[in-house]
Amino acid sequence: MNVGIIGLGYWGKNIYRNLLSTPNINKIYYHDKNENKQFKNFIKKEKDLFNEQNNIEAYFVASPTNTHAYYIDKILSKNKYVCVTKPFVKSTQELKKISKK
């Protein structure tokens, strides 16, 4: 399985470390607003993270909370699995907007 991580801060690095020891993970792609060349398969442009050629089946969102709703919506619109660090979203309005889709 190929996975994507959005956000390479504290939690993104923890998710990365855990995925490295997870069986059946073939490739891990990353995206962060700050380019981080220490990670293999870093994707600089956000649009490239959602490129179908990457065959990403699941995404882990570890970006700032104010971006969660945006990424969740984008990932679910691609019919992909998503796991998000807490807090899930910053308001019930964002949650309602996501749940209507």
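I began with a definition: two strands pair if DSSP finds at least two bridges between them. Helices (H or I, at least four residues) and strands (E, at least two) are DSSP runs, numbered from the N terminus.

The model is predicted, so I noted that local features need pLDDT of at least 70 and side-chain atom pairs pLDDT 80 or more, while totals for chains, interfaces and linings use all residues. Residues are numbered from 1 along each chain as its sequence is written, and side-chain values use heavy atoms, without hydrogens and water.

**Strands.** I looked up strand S1 (residues 2–6) and found that S1 pairs with S2 in the parallel sense over five bridges. Asparagine 2 has lysine 27 in S2 as its bridge partner. Of the five residues of S2 (residues 27–31), four are buried (under 20% relative accessible area, 1.4 Å probe, protein chains only).

**Crossover.** I recorded a right-handed β-α-β unit made by S1, helix H1 (residues 10–20) and S2. Right-handed means that, with the strands pointing away from the viewer, the path from the first strand over the helix to the second runs clockwise.

I noted about 190 Å³ of space in the largest pocket (on a 1 Å grid over the protein atoms alone, an open set of points with protein on both sides within 12 Å along at least five of seven lines). Its 14 lining residues (an atom within 4 Å of a point) include Gly7, Asp32, Lys33, Ser63 and Pro64, the closest to its centre.

**Cavity.** I found one cavity of 30 Å³ or more (a set of points where a 1.4 Å probe fits but cannot get out). The largest cavity has a volume of about 50 Å³, and its lining includes Phe50, Tyr59 and Lys80.

Technical notes. Buried < 20%, exposed > 50% of the residue type's maximum accessible area, 1.4 Å probe, protein only. Points joined across faces, edges and corners; volume = space filled by probe spheres on them.
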